[in-house]
Amino acid sequence: MAVTDNEVKNKVESTQKAPQDTQNAKPELPNTKEGRLVKELLEKAPYAEGSVRREKRIEFRVPAERIHEFLEIASEKFEMLMQISVVDWLKEGEFELVYQLWSVSESVHAFVKTRISRENAKMPTVMDIWPVAETYEREAHEFFGIIFEGNPRLGPFILEPREYEKHPLRKDFNTLSYVKTIYGEDFDRYDESKTNYVI
Amino acid sequence: MSLEVPRELREEARKHDMYLTPIAKDTYELFFGPQHMATENFSIILKMDGNRVEKAIVNPGFLHRGFEKLAEQRPYFTNIALLLRICVPESDVPENIYSMAVDEIVGWEVPERAIWIRTVVLEMARVSSWMFWIMGFGNEIGLYTAGQWAAAYRERLMRLFEELTGGRVYHIYTVPGGVRRDIPGDKWLRQLRDTVEYIKSKLKDFDEILFDNYITFERTEGVGVMDKRFALKHAVTGPNLRAVGVPYDVRKDDPYYLYPELDFEVPVLKEGDSLARVLVRRYELEQDLYILEQLLDMGPPSGPYMVQDPKLKNLPRFKVPAGDAYAHVESTKGDFGAYVVSDGSHKPYRVHVRGPSQSHGVTVLEELLKGARLADVPVILKTLDNCPPDIDR
Amino acid sequence: MTMPARVVGEEKVKLKKSFVKPWIGIKYLFKKPVTIKIPFEKIEPAPKYRGFHTLDWKKCVGCNFCGQICPARAIEMTWLEVEGKMEKRPHPKIDYGRCTFCQFCVDVCPTGALGFTESYILTTDGTEDALELFNWVPIHPDKVRELNEAYGDYRFPVVRIEKLGDGTYRYHLRNGEVFEFKILGYGIRPPKKPTPAKPATEATANKETTKPAEKKESKPAEKKE
Amino acid sequence: MGGDFISYELKEFKLFEPLFRWARKKSIWLVAFCTGCGGIEMPPLVTARYDIERFGMMPNPAPRMADLFLITGYVTPKTLKRIIITYELMPDPKYILAHGSCPINGGVYWDSYNVVKQLDKYIPIDVAIAGCMPRPEAVMDGIREIMRKIENGEADGWRRYRENYEWYRKNQDELFGEGWRERDAKRWLAWL
């Protein structure tokens, strides 16, 4: 159980450090493999913010304009782009893009987070750095409507054209009402006062 | 009596470009799948030049159910019953990644007994998935006997799963904080050991009929070759990456559960062709059986199998603190990951699953199919071990 | 700490191709087959296989925990009237057109009223009448066990659900017993005295009119033999 | 369609009808099309363990030679298009066995934007079995039910489809839009 204990310890450290991160502009980085990696990257890209979350997990926050530049630098250390996760923060009116990177040589996972406005969401493509980004970007475009400039294959990929136009994973897309309009019947369960009582 | 086609008819046919005239062009479009057993409901549009594939376009989405949207509308525990459907042959993997991510956000320390059970379940899922793969691969290259055996041996594991979890294919077993049921008893452990030994004894037969087979070598050698740089840039993971010479295994590089204490080997080959992928998989099956043996020697630790938390009293309204986490495990297809974002309510704010086939099932497949012969298309599909529900979700 | 990755290369992983070895597979011709000859042989599901639900009507307190945890929203709380007496609490009605057999509902049930048996076979022709079987209020576990033991298989305990007017349902059990109750309303709150128009029954009424009329009436599965 | 059907019930063969039914019952071929997650229970079913070849059944890739279509689980609109086309390609006495909860009422995907609820609005179902997913034994029970229905001449899904073709076609067109058959095939050729 060595590793789980270690992980827990690390987690405790990071949670203790978390308030410091918000107060100080430059948090201290631990003298571990992860800390050195963050330091090295931040020296090359001073516009980014970086922190160590726990063992084997590091995090960067990068402004959207410089994301391509940052990822190009990061790609020297991080050979693989595992995923582009999009989180729709409806209240803030922003999309959060999380580029999940994995370094095979260092075995560290990095979250590179950036935020863009929900309206007219545009991002530069990273296909030239990692060709696999084509698939991820097609998917993010399809489900959220983000336009990746430079990706030639944006369009209906998994979905049919009708659903594609709706960008169904956006938070303001209501599946239940859509199901009612498409499949014609009321599939929800109500009590008499017509309020959703389940879930 | 001559059987010749009358002249007028022949001219008529020629006018309409019918069968009597040779086909004017050699290129044609071929819709490969979804109604093809190798693709498992997944379609590739091939532009063929004679017998060679000139260009391939992958058309997934036949299995898209919108899991990520549905998961946002259901409570945390309920999502287990939903997300495991992402990977059908290995349904424990999505359960585990989701549970690991939620465990990390909540900050639970999962009991040791639950960890042991989870590790065993994951390894059993791997072995049963290998069996499924052997069946599919054997069928694709025409060695049906191996497929018949593998499907029959897989049933033994299904039976064990059934006794442990109560379900045959969809186990709905691993939940955040532990597992849902305890081990049924020592009898189950004995049965598991018997099954492991049984499959181990059958490995030699599999070698003889499938992996040593002249036909396997002829069909796979030099087909669908990747190089190291290409594989890394396309984020190929799992056995496909190990077949090009990168020893990346999540169980070694980002260890979870009991794997740091276990002794196993990571097979690596350099060729990067279909044969290398097949051989790497075969060796991993052997290693997984070895891991299961070690786990059984270790024995289940005593203690609870579920975390003790008063918040769990009201399961439907169980709230998770705000935060996000990424967890990944090594599945037979590759690196399977889940990114869970919580905003402090009783439903996840976002769940994003990284299926390994997303990277090796679309762009990589399209590249590898270029220039392949038509008969090699199923071989490439099966040796990449493409799982369409991963891509679609 | 983590072990160093033990990487093995060609020397252990590579195999040699052989033309002769595959012929050894012929020895399997002389082995006992693994096939279970199913109409003649039987295979028992595991002791706690997640099958159809059972409900102890006396124990059920109508808390709707099962309805809340259900991922498929298959559970609907139903107010019932048995032999002219209204049940004090609503009982879950389970739709097997939705149910995923995860049995989270059984896990969260605070009184243990909701349970499950190993029964798993429910075969119907897809007609409207037959699909009534898919939406039922589970019956007492003892009854289900008794029927399973009597017939020695794992079928659904009810062969036909007859839907009479005014919301009365008649369950024809496998051994010919008949069980009747009336559905007064749906939801957590008790229905008002004059039974209000129910959205669910309206929906089914609409469905019937849109269906083609040629569909035949279902026959009870008993007639097979 | 309508008139193009070749009726197999010719008057001169009426006498041999029981023989035909027996022959049909004993040689059901499946379309090897895994439409949903239940497809994973098809391999155990057709291989050594459960071995439905004992009943004269075998999976067959070509729909023109098949009799039985297993709808294995949920159906997305994209798959449903292929299912309808495959179903219409099958020669005439043809049967559909719907697996599990999802084809009946949407299953766990009742609120999913991309899963078809109530499949029998679009194609006729002969036998529906419960379970998520159904065990192979339950599927075999469904197959036995199909055989019984074939023998009694009750399996008339194909006839219902033919007679109510307008109704089914209307529902299909409502879901996919008019002219989907032509449009969907052409959409992909533009990529090449």
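This is a predicted model: local features need pLDDT of at least 70, side-chain atom pairs count only at pLDDT 80 or more; totals for chains, interfaces and linings use all residues.

Residues are numbered from 1 along each chain as its sequence is written, and chains are lettered from A and ligands numbered from 1 in the order in which they are written.

Chain A. It has six helices and seven strands. Helices here are DSSP runs of H or I with at least four residues, strands are runs of E with at least two, and both are numbered from the N terminus. From that end, the order in chain A is α-α-β-β-α-β-β-β-β-α-β-α-α. Of its 199 residues, 39% count as buried. Buried means that 20 or more other C-beta atoms lie within 10 Å of the residue's own, with C-beta atoms placed from the backbone. Now contacts: two residues are in contact if their C-beta atoms, placed from the backbone, lie within 7 Å. Take the contacts in chain A between residues at least 6 apart in sequence: 48% of them join residues at least 24 apart.

Chain B, sheet first. Three strands form an open antiparallel sheet, in the order β1-β2-β3. Strands pair if DSSP finds at least two bridges between them. The edges are β1 (27-32) and β3 (52-59) of chain B, each pairing on one side only. Neighbouring strands are turned by 20° against each other on average, direction ignored. β1(B) is joined to β2 (residues 43-49) of chain B by six bridges. Across that pairing, Phe32(B) stands opposite Ile44(B) of β2(B).

Next, two helices of chain B. How do α6(B) and α7(B) pack? Helix α6 (residues 144-165) and helix α7 (residues 186-211) of chain B meet at an angle of about 170°, with axes 11 Å apart. The axes are lines fitted to C-alpha atoms over the stretch in contact, and angles run from 0 to 180 degrees between N-to-C directions. So α6(B) and α7(B) are roughly antiparallel, a label for angles over 145 degrees. Among the contact residues are Trp149(B) and Tyr153(B) of α6(B), and Trp188(B) and Phe206(B) of α7(B). By class, this contact has 13 nonpolar, three polar and three charged residues. Nonpolar covers Ala, Val, Leu, Ile, Met, Phe, Trp, Tyr, Cys and Pro; charged is Asp, Glu, Lys and Arg; the others, Gly among them, are polar.

Interfaces. 35 residues of chain B are in contact with 31 residues of chain A. On the chain B side, β8(B) has the largest share, four residues. That side has twelve nonpolar, eleven polar and twelve charged residues.

Last, the core. A nonpolar core is a set of buried Ala, Val, Leu, Ile, Met, Phe, Trp, Tyr and Cys residues joined through C-beta atoms within 7 Å. The largest one has 273 residues, and those touching the most other members include Leu101(A), Ile134(B) and Leu97(D). Helix α5 (residues 112-140) of chain B gives the most to this core, 17 residues. Leaving aside residues up to four places away in sequence, Leu97(D) touches residues including Leu68(D), Val127(D) and Ile146(D).

Methods
A residue is buried if 20 or more other C-beta atoms lie within 10 Å of its own, exposed if 12 or fewer, and partly exposed in between; C-beta atoms are placed from the backbone. Angles under 35 degrees count as roughly parallel, over 145 as roughly antiparallel, 65 to 115 as roughly perpendicular and the rest as oblique.
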